[in-house]
Amino acid sequence: MAWQTRLTPDLAQFIAERDHFYLGTANAAGRPYIQHRGGPGGFLKVMDEATLGFADFAGNQQYVTLGHLAENPQAFLFLIDYPTRRRVKIRGRARAVTDDPDLARSLADPAYRGRVERAILIEIDEWDMNCPSHILPRWDAATLTPAFARLETRIRALEDQVRELGGDPGAFDLAG
């Protein structure tokens, strides 16, 4: 796929499902920095076909990203979905918005406990979704917990059937 310049509905959906991304910046001298940004699913918002935004929460108090953006607006976002092995790269220009509390609140999830300090807006220059090669699938607890619960329920039902048939379900305990 060639680099694109406008958000598509598929990309907007992909972004809406993410609960984290990596944000790369560089200072005026080109010294790079990358930082993980996380929040509730969908915290990175599509504002329009060329703009993304997110509420910037209080963090480690280093403000390296903010310092870089004050000198050099170039930014790079890397979003990845491990279960489906999809990744998106977004290049653009970012800026911190500190004088618009309504904007920051509109980007925040009121149920999330993080303290919003400012809004960050990213004007997209180009983006690309590339191949899944070498992405090892990973799943989060929200995905695995219900699956494990279904398996445990099924195992208990099968053990009950074994008992009803006069067997000893413990005889099949491969873990012990």
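The side chains of R118 and E117 meet in a salt bridge, with 3.0 Å from N to O; a salt bridge here is a side-chain nitrogen of Lys or Arg within 4 Å of a carboxyl oxygen of Asp or Glu. The model is predicted, so local features need pLDDT of at least 70 and side-chain atom pairs count only at pLDDT 80 or more, while totals for chains, interfaces and linings use all residues. Residues are numbered from 1 along each chain as its sequence is written, and side-chain values use heavy atoms, with hydrogens and water left out.

E117 also forms a salt bridge with R115, at 3.4 Å from N to O. R37, D56, R115, E117 and R118 are linked in a network of salt bridges. Buried means under 20% relative accessible area, exposed over 50%, and partly exposed in between, with a 1.4 Å probe and protein chains only.

R118 lies in strand 7, where the residue stands opposite D56. Strand 7 (residues 116-130) pairs with strand 4 (residues 51-57) in the antiparallel sense over seven bridges. Helices (H or I, at least four residues) and strands (E, at least two) are DSSP runs, numbered from the N terminus, and two strands pair if DSSP finds at least two bridges between them.

These two strands belong to an open sheet of seven strands, with the order 2-1-5-6-7-4-3 and antiparallel pairing. Strand 2 (32-38) and strand 3 (45-48) stand at the edges; each has a single partner strand, so one side of each is left without a neighbour in the sheet. From one strand to the next, the twist averages 35°. Helix 2 (residues 64-71) packs on this sheet and touches strand 1 (20-26), strand 2, strand 4, strand 5 (74-81), strand 6 (86-97) and strand 7. The direction of helix 2 makes about 125° with that of strand 2. Axes are lines fitted to C-alpha atoms, for helices over the stretch in contact, and angles run from 0 to 180 degrees between N-to-C directions. Contact means heavy atoms within 4.5 Å.

Salt bridges occur elsewhere too: a search of the whole structure finds 11. One of them joins R93 and D125, whose closest N and O atoms are 2.8 Å apart. This pair links distant parts of the chain, with R93 in strand 6 and D125 in strand 7, 32 residues apart. R93 is partly exposed at 36% relative accessible area, and D125 is partly exposed at 30%.

I15, in helix 1 (residues 9-16), is buried at 0% relative accessibility. Leaving aside neighbours within four places in sequence, I15 is in contact with L7, G42, L44, V46, L52, L79 and I90. The C-alpha atoms of I15 and G41 are separated by 8.9 Å, although the residues are 26 apart along the chain.

On the surface, F148, L151 and I155 form a nonpolar patch with about 310 Å² of accessible area together. Patches are made of residues with over 30% relative accessible area and no salt bridge; like charges are joined within 9 Å, and nonpolar side chains (Val, Leu, Ile, Met, Phe, Trp, Tyr) within 5 Å. Accessible areas come from the Shrake-Rupley method with a 1.4 Å probe, and for residues only the protein chains shown count as cover. F148 sits in helix 4 (residues 141-164) and is partly exposed, with a relative accessible area of 46%.
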